[in-house]
Amino acid sequence: QVHLVESGGRLVQAGGSLRLSCAASGRTVSTYSMGWFRQAPGKEREFVAAISWNGGSYAESVKGRFTISRDSAKNTLYLQMLSLKPEDTAVYYCAARGYGLSTRPDEYDYWGQGTQVTVSS
């Protein structure tokens, strides 16, 4: 099992940047495939980025602006977000699954509580 805690969300102006963190306890992040998802009010939870042992994947809407990474020594997953837009406003969640990249939230086994990112225009 793994317990996930996100942090780093806040209010930021459009064009700004943020780095979200997801601290894991239990098994190390390197043994899981990890992902970032987001959910805006009134919308379904959507895929943002994922990373596994053999690569990464990004949603088209964030490709070139967001970077997912992980630090095994700190047992932490990150999401570096650049050139933020108002449409990036959402609660951001990190998630873990046992094996393989996935863009589907229903294929992830463990979730954090989320961190709010608000981008003002």
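# Sheet, disulfide and aromatic rings

Glutamate 6 stands opposite cysteine 22 in β3. The structure is a predicted model, in which local features need pLDDT of at least 70 and side-chain atom pairs count only at pLDDT 80 or more, whereas totals for chains, interfaces and linings use all residues. Residues are numbered from 1 along each chain as its sequence is written, and side-chain values use heavy atoms, with hydrogens and water left out.

## The four-stranded sheet

Strands are DSSP runs of E with at least two residues, numbered from the N terminus. Two strands pair if DSSP finds at least two bridges between them. On this basis, four strands form an open sheet in the order β1-β3-β8-β7, and their pairing is antiparallel. Strands β1 (2–7) and β7 (66–71) are the edges, each pairing on one side only. Between neighbouring strands of this sheet, the average turn is 15 degrees, direction ignored; the axes behind this angle are lines fitted to C-alpha atoms, and angles run from 0 to 180 degrees between N-to-C directions.

Six bridges join β1 to strand β3 (residues 18–26) in the antiparallel sense. Leucine 4 of this pairing stands opposite alanine 24 in β3. In a regular strand the side chains alternate between the two faces of the sheet. Strand β1 shows a covered face with Val2, Leu4 and Glu6, and an uncovered face with His3, Val5 and Ser7.

Serine 21 also lies in strand β3. Contact means heavy atoms within 4.5 Å. Leaving out residues up to four places away in sequence, serine 21 touches Val5, Glu6, Ser7, Trp36, Thr76, Leu77 and Tyr78.

Apart from neighbours within four places in sequence, the contacts of isoleucine 68 include Met34, Gly35, Trp36, Ala49, Ala50 and Ile51. Tyr58, Leu77, Tyr78 and Leu79 are also among the contacts of isoleucine 68. Glutamine 80 is 12 residues from isoleucine 68 in sequence, and the two C-alpha atoms are 6.5 Å apart in space.

## The disulfide

A disulfide is a covalent bond between the sulfur atoms of two cysteines. Here a pair of cysteine sulfur atoms within 2.5 Å is counted as one. How many disulfides does a search of the whole structure find? The search finds one. It joins cysteine 22 to cysteine 94, with an S to S distance of 1.9 Å. The partners come from distant parts of the chain, 72 residues apart: cysteine 22 is in strand β3 and cysteine 94 in strand β9 (residues 90–97). The disulfide is right-handed because the torsion about the S-S bond of cysteine 22 and cysteine 94 is about 50 degrees.

## Aromatic rings

Rings of Phe, Tyr and Trp (its six-membered ring) pair if their centres lie within 6.5 Å; planes under 30 degrees apart count as stacked, over 60 as edge-to-face and the rest as tilted. The structure contains six aromatic pairs.

Through ring pairs, Phe37, Phe47, Tyr93, Tyr108 and Trp111 are linked into a cluster. A charge sits over a ring if NZ of Lys or CZ of Arg is within 6 Å of the ring centre and within 35 degrees of the ring normal. Arginine 45 lies over the face of tyrosine 93, 3.8 Å from the ring centre, and the charged end of arginine 97 sits over the ring of tyrosine 108, 5.9 Å from its centre.

## Buried or exposed

Buried means under 20% relative accessible area, exposed over 50%, and partly exposed in between (1.4 Å probe, protein chains only). The table lists residues discussed above.

| Residue | Relative accessible area | Class |
|---|---|---|
| Cysteine 22 | 0% | buried |
| Cysteine 94 | 0% | buried |
| Phenylalanine 37 | 0% | buried |
| Phenylalanine 47 | 13% | buried |
| Tyrosine 93 | 13% | buried |
| Tryptophan 111 | 27% | partly exposed |
| Isoleucine 68 | 7% | buried |
| Serine 21 | 16% | buried |
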